Amino acid sequence: MGLYELIDYLVRLKLADHRKALCALYLLSLGESRSSAAERCGSFKGEVNGYLNRLKEKYHDGQRALVIVKYVIPLLDEIQPVVKDNKCLICGRNLYHIQVAMTHLYTKHKDLVESYVNKIIEKLKLLVQS
Ligand SMILES: [Zn+2]
């Protein structure tokens, strides 16, 4: 688990159009409390804890993961979601739950996810160098 897995998770949140999770993680990365992030993103504190736990599964150091989140989330702007109204716009499959969508992207559209992850990693490198 490392940088690749962390960015893969964030890219799939974006592709799955999971705005609440991205909103909450971004606010947490800016130093907001979990309850405030939940309220401002239309989420619940329990859900926010879940997003944070999943983040920590992807990247060993939770604090450092949030620093990376702060830089990566604005870079996701150029990515268009491919899940709309619980449906995959690429293959037409019904995805009745966000977790199903996340897994679907991982297993069925790996190439697309990978190409975005690699692009984001390149951009992140440029940011770190400058
Ligand atoms: Zn699909």
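**Ground rules.** The model is predicted, so I kept to local features with pLDDT of at least 70 and to side-chain atom pairs at pLDDT 80 or more, while totals for chains, interfaces and linings use all residues. I number residues from 1 along each chain as its sequence is written.

**Overall fold.** I find seven helices and two strands; helices (H or I, at least four residues) and strands (E, at least two) are DSSP runs, numbered from the N terminus. Along the sequence I read α-α-α-α-α-β-β-α-α.

**Size.** The C-alpha trace spans about 40 × 35 × 25 Å along its principal axes. I looked up the radius of gyration, taken over C-alpha atoms, against the globule rule of 2.2 Å times the number of residues to the power 0.38. For 130 residues a compact globule would come out near 14 Å, and the protein has 14 Å, so the two agree.

I get 31% of the 130 residues as buried. Buried takes 20 or more other C-beta atoms within 10 Å of the residue's own, with C-beta atoms placed from the backbone. Two residues are in contact if their C-beta atoms, placed the same way, lie within 7 Å. Among contacts between residues at least 6 apart in sequence, 60% join residues at least 24 apart.

**Core.** A nonpolar core here is a set of buried Ala, Val, Leu, Ile, Met, Phe, Trp, Tyr and Cys residues joined through C-beta atoms within 7 Å. The largest one has 35 residues, and L10, A24 and L25 have the most contacts inside it. Elements giving two or more residues to this core are α1 (3-15), α2 (19-29), α3 (34-40), α4 (45-58), α5 (62-75), α6 (98-108) and α7 (110-129).

**Helix α2.** I list A21, L22, A24, L25, Y26, L27 and L28 as its buried residues. They pack against α1, α3, α4 and α5. Leaving out residues up to four places away in sequence, A24 touches A37, A38, C41, S43, V48 and Y51. After α2 comes G31, with a positive phi near 100°.

**α2 on α4.** How are these two helices oriented to each other? They pack at about 75°, with axes 10 Å apart; axes are lines fitted to C-alpha atoms over the stretch in contact, and angles run from 0 to 180 degrees between N-to-C directions. That makes α2 and α4 roughly perpendicular, a label for 65 to 115 degrees. The contact uses A21, A24, L25 and L28 of α2 and V48, Y51, L52 and L55 of α4. I sort its residues into eight nonpolar, no polar and no charged; nonpolar covers Ala, Val, Leu, Ile, Met, Phe, Trp, Tyr, Cys and Pro, charged covers Asp, Glu, Lys and Arg, and polar the others, Gly among them.

Conventions:
A residue is buried if 20 or more other C-beta atoms lie within 10 Å of its own, exposed if 12 or fewer, and partly exposed in between; C-beta atoms are placed from the backbone. Angles under 35 degrees count as roughly parallel, over 145 as roughly antiparallel, 65 to 115 as roughly perpendicular and the rest as oblique.
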